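Biologist: Please take a close look at one part of this model for me: the aromatic rings. Start there, and then follow whatever surrounds them into the rest of the fold.

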Amino acid sequence: MVSKKQKFVADGVFYAELNEFFQHELANEGYSGIEVRVTPTRTEIIIRATQTQDILGVNGRRIRMLTSIVQKRFNFPEGTVELYAEKVAARGLCAVAQCESLKFKLLQGLAVRRAAYSVVRYVMESGAKGCEVIVSGKLRAARAKSMKFSEGFMLHSGNPAQEFIDFAVRHVEMKQGVLGIKVKIMLDSDPTGRLGPKNPLPDIVTILSNDKEEAPLDHPVSESKIPVAEPAAPAAEAPAPVEAF
């Protein structure tokens with residue numbers, strides 16, 4: 001019998017190892033994360049990426065190969081694990097996708113400043129409220145340093161920072177050493193929940209318009225705040241006596 005603590009640890013190790021495997025295997029396909037759904041009969045693994053057709057391969061050959069690798073590595077019974085590829089709704093609002101894009105640009109030899117600003121501009125054009133890119137390491141000189149590129153509005157603390165911030169970290173193995181990349185994207189609220197959280201920021205104030213048109217005031221007006229006592233209701237008149245004959 002497996003205790004709850006052991007189950008949570010095993011699930012975390014499974015997710016971490018699976019995520020690291022897909023990061024290396026699907027780096028060129030714009031890998032952006034996975035979602036694991038466990039049902040009583042099978043385990044569904046949804047791979048989010050920007051180029052889903054390359055993950056599927058010709059006639060679904062590559063995704064069948066990935067399914068076989070995952071099944072053999074984690075000792076799943078035959079036919080109990082399924083892999084699906086899901087396209088990222090907005091590539092510019094996904095921190096993992098932009099981190100991989102920046103990593104690819106740096107490996108191609110693009111200048112750090114130009115590559116970072118292109119990522120920031122693309123994120124802001126996609127509808128984000130803010131973006132921050134930090135590149136640290138031996139950029140040009142032999143001395144390591146850190147460069148920060150930011151634009152827009154960014155939260156750093158509180159519960160909204162956990163709900164509205166998409167965060168990703170990657171490491172780039174360059175010739176002169178390892179560079180660290182951090183990308184933070186401040187999402188905007190979306191009632192549908194596709195491009196951001198459904199609830200707005202807690203400090204957003206919505207002013208409702210009054211449809212009733214009031215007459216403009218051209219003279220001072222006083223209003224009494226003292227409650228006025230209502231007049232007592234008149235007592236019911238007694239019926240007139242009826243004389244008997």
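Modeller: Happy to! Phe-14, Phe-74 and Phe-76 are joined into a cluster by ring pairs. Here rings of Phe, Tyr and Trp (its six-membered ring) pair if their centres lie within 6.5 Å, with planes under 30 degrees apart called stacked, over 60 edge-to-face and the rest tilted. This is a predicted model, so local features need pLDDT of at least 70 and side-chain atom pairs pLDDT 80 or more, while totals for chains, interfaces and linings use all residues. Residues are numbered from 1 along each chain as its sequence is written, and side-chain values use heavy atoms, without hydrogens and water.

By the ring rule, there are five aromatic pairs. One of them, Phe-14 with Phe-74, is edge-to-face, with 4.7 Å centre to centre and 80° between the planes. Phe-14 belongs to helix H1, whereas Phe-74 sits in the loop between H3 and S3, so this pair ties together parts that are 60 residues apart in sequence. (Helices are DSSP runs of H or I with at least four residues, strands are runs of E with at least two, and both are numbered from the N terminus.) Phe-14 counts as buried, with 15% relative accessibility; buried means under 20% relative accessible area, exposed over 50% and partly exposed in between, for a 1.4 Å probe and protein chains only.

Asn-75 is exposed, at 66% relative accessible area. Asn-59 also takes a positive phi of about 55° without being a glycine, this time in the loop between helix H2 (52-56) and H3. Its relative accessibility is 66%, so Asn-59 counts as exposed. As background, most residues other than glycine have a negative phi.

Now back to the helix that carries Phe-14. H1 spans residues 4-25, 22 residues in total, and reaches 32 Å from its first C-alpha to its last, close to the 32 Å expected at 1.5 Å a residue; the expected span is 1.5 Å times one less than the number of residues. Its buried residues are Phe-14, Leu-18, Asn-19 and Phe-22. Seen down the axis of H1, they fall within an arc of 125°, so they line one face of the helix; the arc is taken over the directions from the helix axis to the C-beta atoms. On the other side of H1, Lys-5, Val-9 and His-24 are exposed. The cover over the buried residues of H1 includes strand S1 (31-38), strand S2 (43-49), helix H3 (61-73) and strand S3 (81-87).

Where is the largest nonpolar core? The largest one has 30 residues, and those with the most contacts inside it are Leu-102, Leu-106, Val-133, Ile-181, Val-183 and Ile-185. At least two residues each come from helix H4 (95-107), helix H5 (112-125) and the strands S4 (130-137), S5 (145-152), S6 (165-173) and S7 (178-186). Apart from it lies another core, of 15 residues, including Phe-22, Ile-34, Val-70 and Val-81. A core here is a set of buried Ala, Val, Leu, Ile, Met, Phe, Trp, Tyr and Cys residues joined through side-chain atoms within 4.5 Å.

Phe-22, then, is a member of the 15-residue core, and it is buried, with a relative accessible area of 0%.

H5 has 14 residues and reaches 20 Å between its end C-alpha atoms, close to the 20 Å expected at 1.5 Å a residue. Val-112, Ala-115, Ala-116, Ser-118, Val-119, Val-120 and Val-123 of H5 are buried, and what covers them includes H4, S4, S5 and S7. Just after H5, Gly-127 has a positive phi of about 105°.

Key
Contact = heavy atoms within 4.5 Å.
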